[in-house]
Amino acid sequence: MKLKDKINITIRGFKTLNELIPGYLPFAAVKAILEALLPFVNIYMSGLIITAITEKSDLQKLIVLAVITVVLNFITTMLIKILSRIANVKSSVFEHVKDLQLDRKIQTMDYEDVEDSKVHEMRANIDIKNRSTGRGLPRLYWWYFDEGIKSVFQLIFSVSLVASAFVSKPVHADGIWNIVFSPAGTVVLIVLFILSLVLDTYNNAVIAKKEAKIFEGFDYTNRVGSYYMDILMDYKIGKDLKLYKLRKSVMGELRKLESKLIDTMNEWQQMCVGYKVISAVNAAVMSGIIYAYVAVKALLGAFAVGSIVQYVGSLTQFTQGFSGLVSILSDIFVNAEGLKEYFDFVDIPNKKYRGTLPVEKRAFCNGGDNEYEIEFRNVSFKYPSSDVYALRNVSMKFRIGERLAVVGMNGSGKTTFIKLLCRLYDPTQGEILLNGIDIRKYDYDEYMSIFSVVFQDFNLFSFSLGQNVAASVDYDRDRANNCLEKAGFETRLGRMPKGLDTCLYKDFEEDGVEISGGEAQKIALARALYKDAPFIVLDEPTAALDPISEYEVYSKFNEIVGDKTAIYISHRLSSCRFCDNIAVFDNGQIVQTGSHDELVAGEDGKYYELWYAQAKYYSDKKSN
Ligand code: ADP
């Protein structure tokens, strides 16, 4: 990364911080300036008081100076405290908002990126950096900003207080002192001072670079480590860990990773020792020279004794400010790599065309005629990571109110067909039309609003049952009850301790309810019904149901689905008999369409083969 890019990305980082916690940066800046100022109030006032004492000023003057010192101290400290509180309240939100941009990105990125393992890796690396070294946005927020401003102002204040030390001429200087305090001598001292600071800068830069190098490759180790931690803490997978005695080996692996990290930390600490000793010796020598310079100059009458306190104090502050600023600057350039990972993720481009056409409000509930027609026209598709077509030349039409079953063996392309229908992916060739218009031209959110989908790998959340059904915090309780009843969950609902308010799973509530796979499937079905979209897509909706519940779903299917178009995916052919139209998928193609009776009559067809293969299995079982 070039220096210019590092600077630009750091500026972008600060702008992002300002967007995430509005108002925090100005408060933090004023606070940092006051924190830088406070020691100078004391340095300056102490100098005045000591001078007043050595000059035997009257008591009244001393008291006035002391009172001014106390008042200035009090006001500055109070202001710092007030600003710190405000800044702390603002900054406490940082932990909650630092991932906002990333989360927003995930919600809006193309689905093919959501599924892409490289994108997962990018996201995980950002997280790991945040948690381990704080590189990326966190360092900008908890180190560079406050400390950076403070250091800059420490430099400004100290230079303004110390400048006169070099300018004032000693009254009684002779011999060697004439040379030491001549303009040339002063230049030598300043050059020495700058050299010492350069050495410090170099030291810091080397340390920051070595740190980055020594911890290189730890992203992966940390990711694996945090995965192990997650699975050890996830109570839902506890039984698998126990049954397969995985806990011991996972713990063992975790220990290995931890000891690797500890060894590296030790190596790192040892490596730093040498550099730290050099820095300390450098600082001690430089301070000694400065003390001697200022003290001798004062003794030779260049300034009042009280000014020694001012000059020495200011120079100490200068050194602190400079070394603070240098550590920040050398670290900021290493941190730019972490920020780059953050912004690379935020900037992943959306390649998919996003149309703006509104979906015609044809749903009955919007007073429309409910006339929707979907057509797949010669659609072929391969996944971005694959060279093999998952769908080939798929053409079909279905109208509102129809029940379409999609059947076929595992891997024949049924789920891919639905993913394309829901525009999670765009066809590689061909087009999909809604009422004659390419679905890419519609506004995506509006287009999605006409589908309720229950995928095989649906997820429920650790919220209340009602919130899960409505997919919302606020919801219509009657409607939620009604949908659960239609989905066959009524009896179980009666046994839920708090009805719709019962929390699913035990993540947050002790009396949360663990539900079976079949119950979860019914809740997912109820959620699809609650959405009340004109198309309902069910991917193996009865796979986890017991035979009686499955029968209930079939027999009530027309009542459940009502006037919606239903697309019903299953590898169990018996569960599709009630559909008007059945599309048989094989190897990514639609090889047959028709009603059950038509298809089962075609002895050469795939449907016939699948039907009798399954029927034989059942009849063989019976005869046993
Ligand atoms: P079905 O739903 O009929 O079981 P799928 O539509 O899930 O089949 O899969 C069709 C083919 O596409 C399979 O060969 C599967 O391995 C492949 N496939 C599915 N998802 C992906 C993916 N995300 N990336 C690459 N290939 C995939």
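This is a short tour of the structure above, one selection at a time.

Before you click, note that the model is predicted: local features need pLDDT of at least 70, side-chain atom pairs count only at pLDDT 80 or more, and totals for chains, interfaces and linings use all residues. Residues are numbered from 1 along each chain as its sequence is written, and side-chain values use heavy atoms, with hydrogens and water left out.

**Stop 1: the ligand**

Pick threonine 416, where a polar side-chain atom sits 2.5 Å from a ligand oxygen. Lysine 414 has a side-chain N or O atom 3.0 Å from an oxygen of the ligand. At serine 412, a polar backbone atom is 3.2 Å from a ligand oxygen. On its own the ligand has 560 Å² of accessible area, and the protein covers 63% of that. Accessible areas come from the Shrake-Rupley method with a 1.4 Å probe; for residues, only the protein chains shown count as cover.

**Stop 2: salt bridges**

Side chains of opposite charge can pair when their charged atoms come close. Counting a salt bridge as a side-chain nitrogen of Lys or Arg within 4 Å of a carboxyl oxygen of Asp or Glu, the structure has 25.

Select glutamate 341 and lysine 129, whose side chains form a salt bridge at 3.0 Å, N to O. Glutamate 341 belongs to helix H14 (residues 305–346) and lysine 129 to helix H7 (residues 117–132), so the pair ties together parts that are 212 residues apart in sequence. Buried means under 20% relative accessible area, exposed over 50%, and partly exposed in between (1.4 Å probe, protein chains only). Glutamate 341 is partly exposed at 23%, while lysine 129 is buried at 16%.

Next, go to helix H13 (residues 246–299), where lysine 256 and glutamate 253 are three residues apart, about one turn of the helix. Their side chains also meet in a salt bridge, 3.0 Å from N to O. Lysine 256 is exposed at 54%, and glutamate 253 is partly exposed at 31%.

Then pick arginine 492 and glutamate 519, joined by a salt bridge of 2.9 Å, N to O. This pair links distant parts of the chain, with arginine 492 in helix H19 (residues 490–494) and glutamate 519 in helix H20 (residues 517–531), 27 residues apart. Arginine 492 is buried at 13%, and glutamate 519 is buried at 17%. Finish here by selecting Lys98, Asp99, Asp103, Arg123 and Asp127, which salt bridges with shared partners join into one network.

**Stop 3: aromatic rings**

How many aromatic pairs does the structure hold? There are 27. Rings of Phe, Tyr and Trp (its six-membered ring) pair if their centres lie within 6.5 Å; planes under 30 degrees apart count as stacked, over 60 as edge-to-face and the rest as tilted. Select tyrosine 227 and tyrosine 228: the ring centres are 6.5 Å apart and the planes at 45 degrees, so the pair is tilted. Tyrosine 228 is buried, at 18%. Then select Tyr372, Phe398, Tyr442, Tyr447, Phe451 and Phe535, which form one aromatic cluster.

**Stop 4: backbone angles**

Most residues other than glycine have a negative phi. Asparagine 378, however, has a positive phi near 50 degrees; look for asparagine 378 in strand E1 (residues 373–382). Aspartate 532 has a positive phi too, of about 55 degrees, and sits in the loop between H20 and strand E7 (535–539).

Conventions:
A polar contact is a pair of N or O atoms within 3.5 Å; within protein, one must be able to donate a hydrogen and the other to accept it, and residues adjacent in sequence count only if both atoms are side-chain atoms. Helices (H or I, at least four residues) and strands (E, at least two) are DSSP runs, numbered from the N terminus.
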